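Please open your viewer and get a cartoon view ready. We will go from one selection to the next and see what each one holds.

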Amino acid sequence: MYDPITMKLNADPYILSALKEDITSEDVTTNAVMRKPCLGEVDLICKEEGIICGLDVFKRVFELIDRETEVTIFVKDGDLIRVGEKMAKVRGDIRALLTGERTALNYLQRMSGIATYTRSVAALLEGTGIQLLDTRKTSPNNRIFEKYAVRIGGGHNHRYNLTDGVLLKDNHIGAAGGVKEAVTMAREYAPFVRKIEVEVENLDMVKEALEAGADIIMLDNMTPEIMKEAISLIDHKAEIEISGNVTKENIEKMKDLGVDYISSGALTHSAPILDISLKNLHPVS
């Protein structure tokens, strides 16, 4: 997932925060039944078919608890895994294995669920040339993991955060006094290398965005009929993104409209977890 430097700089603080959330002073249950170090092993088992994602994060959880923990991984991110498949083996102090189990699985299950759902949606757009995008509708403090999972599933990342790009939404336009005013101010303020994207909700806004010179026009929550009119108006003068309640159930209706991007918040906010477990924990000599 990440090279060691990137992991330490970006992922480690979030993983440590998750561990601190689960352990305020001690793991009282583990300490009650394991009074001294004991070497053990446990298997990572697939309980539901899907796309695995987050193996480096899973591994890192145990390393941050005890750097002597060894995680041997038999698959790689992006692989299709099947029920009953043994994906990894974790070896180390049983106390570390028990304490890290839930946090490690939370990351792996969530990331694999997003990758699996994204793969199923991306498959519906194969051959169209349309890029499937995620959004900023991610779990707080989990964006780095969830957006990575989208990529593993075959999707693409929209802007990572508010610093990453200019996207003028309805409230920005309202605050600026109109589409033209918002685009003009964005052009004056943002670095010249940044594209200006404008979210529009009707044909009048489409015309304003075109006249203002928007680079990308996002058609938000439009009916199929209005979208077709908007796309005809734009006529390749700007890139086109479709957004608004896009799911696996309705995305096929949009794939033949001739747009460049389709964004879906559902990739991150509605993907179910993938069922994965740590099983067969036992002491080893």
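Which residue in β5 is the bridge partner of Leu-39? Select Asp-93, and you have that partner. Before moving on, please note that this is a predicted model, in which local features need pLDDT of at least 70 and side-chain atom pairs count only at pLDDT 80 or more, while totals for chains, interfaces and linings use all residues. Residues are numbered from 1 along each chain as its sequence is written, and side-chain values use heavy atoms, with hydrogens and water left out.

**The whole protein**

Zoom out to take in ten helices and twelve strands. Helices here are DSSP runs of H or I with at least four residues, strands are runs of E with at least two, and both are numbered from the N terminus. The C-alpha trace spans about 75 × 35 × 30 Å along its principal axes. Of the 285 residues, 46% are buried, meaning under 20% relative accessible area; exposed means over 50% and partly exposed lies in between (1.4 Å probe, protein chains only).

Now select β1 (residues 39-46) and β5 (residues 86-93), which pair in the antiparallel sense over seven bridges. Two strands count as paired if DSSP finds at least two bridges between them.

Contact means heavy atoms within 4.5 Å.

**Arg-60**

Stay with α3 and pick Arg-60, which is found in this helix. Is Arg-60 buried or exposed? Arg-60 is buried, with a relative accessible area of 16%. The side chain of Arg-60 makes a polar contact of 2.7 Å with the side chain of Asp-12. A polar contact is a pair of N or O atoms within 3.5 Å; within protein, one must be able to donate a hydrogen and the other to accept it, and residues adjacent in sequence count only if both atoms are side-chain atoms. Leaving aside neighbours within four places in sequence, Arg-60 is in contact with Met-7, Lys-8, Asp-12 and Ile-15.

**Thr-138**

Jump to the loop between β6 (131-133) and α5 (143-152), where you will find Thr-138. Thr-138 is buried at a relative accessible area of 15%. The side chains of Thr-138 and Arg-143 are joined by a polar contact of 2.9 Å.

**Helix α9**

Last, select α9 (residues 224-234) and colour its buried residues: Met-227, Ala-230, Ile-231 and Ile-234. Because they cover an arc of only 100° around the axis, they sit on the same side of α9; the arc is that of the directions from the helix axis to the C-beta atoms. These buried residues pack against α8 (203-212), β9 (216-220) and β10 (239-243). Turn the view to the face away from the buried side for the exposed Glu-225, Lys-228 and Ser-232. Finish at Asp-235, which follows α9 and has a positive phi, near 45°.
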